[in-house]
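Reader: Please examine the arrangement of the chains and the packing of the helices in the following model.

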There are 2 protein chains.
Amino acid sequence: MVEPQRRPTMADVARHAGVSPTTVSFVINDRPGSGISEYTKTRVLAAVEELGYRPNQQARSLALRRSRTIGFLGYEMATAPFAGRTISGAHDIARHHDSMLLIAHTSPDIRQVRRTLDDLIERQVDAIVMAVIGTRRILTPTNVNDIPTILVNCYTVGDALPSLLPDEETGGRDATRMLLDAGHRRIAYLAGLPGSWATRRRLKGFRAELRAAGVDEADATVLFGDFHTESGYNLTKTVLDGDSIPTGLFCGNDRMALGAYLAILERGLRIPEDISVVGYDDQEELASILRPPLATVRLPYYEMGQLAVRHLIAGDVGGLPGRTYVPCVPVLRESVGPPRSHDLPRRAGPATG
Amino acid sequence: MVEPQRRPTMADVARHAGVSPTTVSFVINDRPGSGISEYTKTRVLAAVEELGYRPNQQARSLALRRSRTIGFLGYEMATAPFAGRTISGAHDIARHHDSMLLIAHTSPDIRQVRRTLDDLIERQVDAIVMAVIGTRRILTPTNVNDIPTILVNCYTVGDALPSLLPDEETGGRDATRMLLDAGHRRIAYLAGLPGSWATRRRLKGFRAELRAAGVDEADATVLFGDFHTESGYNLTKTVLDGDSIPTGLFCGNDRMALGAYLAILERGLRIPEDISVVGYDDQEELASILRPPLATVRLPYYEMGQLAVRHLIAGDVGGLPGRTYVPCVPVLRESVGPPRSHDLPRRAGPATG
DNA sequence: CTGTTAGCGCCTTCAG
DNA sequence: CTGAAGGCGCTAACAG
């Protein structure tokens, strides 16, 4: 390995241009009202160009006591499906403000989180966003108090830290409305895990929207699964075997919707001609690539990432309420169509073609 | 906003412990052979604890000329499906060496890349990994020469920079062997885009493995699609409508395999009883969540991320060959089973649940 | 309009 | 075994 030759410093540039370091600093930072002559400025910039000088931001932050770096701390986000969205959102806003993201994943173990947070703080990040996949309450170490922090998709006891959460209830309403708007009245909700934060809220939205549309609750089946494909598959079969087959299915998430697709096809039925399906999450590389593409409600990971950094950079984290609900985005796709006018046979024949 | 009170510095700790800053530094860094008495050490550490002192790594890197930070530059990786894996791999190794990842995405526009690279360099990252999703050749700005750099999943003209690439040919062989091992002899390859880097190599592997197994090439159908679900669906239908229906399908990627699933189900056939299916990529949240779970070949994104950082930290990037091929990992799942002993009907009846 | 000087917080050679 | 002094590269008063 060749030792990389020492990078030129501001002093080098100054010498080269025949001015003082201060002048170089002023020119580099385009300091307003520091009246540097055009001539000097040109000379300095020429020297910069010639030497290939690039300011050392570490030294700069040391002097400014500001690193323009934001720490992104993910609880178990390693391979998680939505991690990328959150990071992207945070990244894009950060870049927009000349900041960068320092990333660290950790297990939820409080000691490990504490250590990681310390590492981030030692690196002088200006602020921190803590994120998880799958909304839940998390434990935060005490050292978070040393630095502006915002939580994404999670919250903490007593809302000690401001958090950004998806507005699942409205999302549940939106999903339901997609089906109602298409004309469906017999709708089943194949929900995810009954105990989960998300399920409770989506279900509430589902019921509220049906009520608002004047649909008889008796027409609305609600079954619980566990967010996995298999449970979507099984629940769909159950529903298809029932007395009153729904014309529209609202699934606990996109994976369960996939299970529904498989069960429906296996029965020789078609989507959306025979049954319409709506998912939840808008899982990238799933909802959009299904055939037909799956109508769903997008979890606002990207938006939460953006919003978090926006607040952090604005420095108004202190004024934020304990919880901020970020809207989910309904995404209408071809898996929703008008309901069939007549009832389905209990057992369909083979699909032809 | 309350102005965050000044963080304690090394001098504060020194004063508090009644020693000199140098001593504190020695204790903090556990400097070998600097013989600090146990007593002093304890006192210093107590002071550290009491004041909540945390060393300023920025200042440290300034003095050491080493930031223990690695820049991760993604070409258009914002929402990409595998980005997370690569980042995770890089992250995990970095953390293991007390380093962190500074992340930046950019469009492939050379000017933007250049700017982003400069930003990373100005922040004094020790090294850089440049990554893309979907193997391809990229343009790199000239300023990469200023810092150790390694490419992941991409390469550059004349292999000016060392790159890590998936070994697609062996992957193609592995996928094919999964089917051969299960007993299949009539196998179709529903490939992706014919021109793509990956397709060419996987196809080569497919042919090589068949040849090695002594399978008549005439028994091996090869059709080209475009990596999308729809093309997998269509090609599968084509194949199912053909004279000699294959018992095993090797798909261009997992998305196409999904299309194959849908077409197969629609025909009233079952996986793997009637037809076995193998994908490629092991796309997270797709291959594993299908029903039955999809056998596939995992692209080594995580491993490439790891390897990149490992080399960067070891500082042996200079000794690396132009291209290093990283093995893909075959993942056998339930979509592969033994072939049926008798031929399938040209049109199957309905499945009976 | 430009240069001098004193830090920012830490590391390290060299004395003692 | 411990401390003093200088430097890493940049910024910011304050002079001139």
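This is a predicted model: local features need pLDDT of at least 70, side-chain atom pairs count only at pLDDT 80 or more; totals for chains, interfaces and linings use all residues.

Reader: Which rotation superposes chain B on chain A?

Author: Two copies of a chain are related by a rotation about an axis and a shift along it. Here the shift along the axis is 0.0 Å, and the superposition has an RMSD of 0.1 Å. The rotation that brings chain B onto chain A is 180 degrees. The two copies are thus related as by a two-fold rotation axis.

Reader: Which residues have the most contacts inside the largest nonpolar core?

Author: In soluble globular proteins, nonpolar side chains tend to be buried together. The largest nonpolar core here has 176 residues. Beyond its neighbours within four places in sequence, Val129(A) touches residues including Ile70(A), Phe72(A), Ile150(A) and Leu312(A). The residues with the most contacts inside the core are Val129(A) and Val129(B).

Reader: What is the handedness of the crossing of H7(A) and H8(A)?

Author: The axes of H7(A), residues 168-181, and H8(A), residues 197-212, come within 7 Å and cross at roughly 45 degrees. These helices are therefore oblique to each other. Their crossing is right-handed.

Reader: At what angle do the axes of H1(A) and H3(A) cross?

Author: Among the residues of H1(A) that meet H3(A) are Val13(A) and His16(A). The axes of the two helices come within 9 Å and cross at roughly 120 degrees.

Definitions and conventions: Residues are numbered from 1 along each chain as its sequence is written. Chains are lettered from A and ligands numbered from 1 in the order in which they are written. Copies are superposed by least squares on the C-alpha atoms of residues with pLDDT of at least 70 in both. A nonpolar core is a set of buried Ala, Val, Leu, Ile, Met, Phe, Trp, Tyr and Cys residues joined through C-beta atoms within 7 Å. A residue is buried if 20 or more other C-beta atoms lie within 10 Å of its own, exposed if 12 or fewer, and partly exposed in between; C-beta atoms are placed from the backbone. Two residues are in contact if their C-beta atoms, placed from the backbone, lie within 7 Å. Axes are lines fitted to C-alpha atoms, for helices over the stretch in contact, and angles run from 0 to 180 degrees between N-to-C directions. Helices (H or I, at least four residues) and strands (E, at least two) are DSSP runs, numbered from the N terminus. Angles under 35 degrees count as roughly parallel, over 145 as roughly antiparallel, 65 to 115 as roughly perpendicular and the rest as oblique. A crossing is left-handed if the near helix is turned anticlockwise from the far one by less than a right angle, and right-handed if clockwise.
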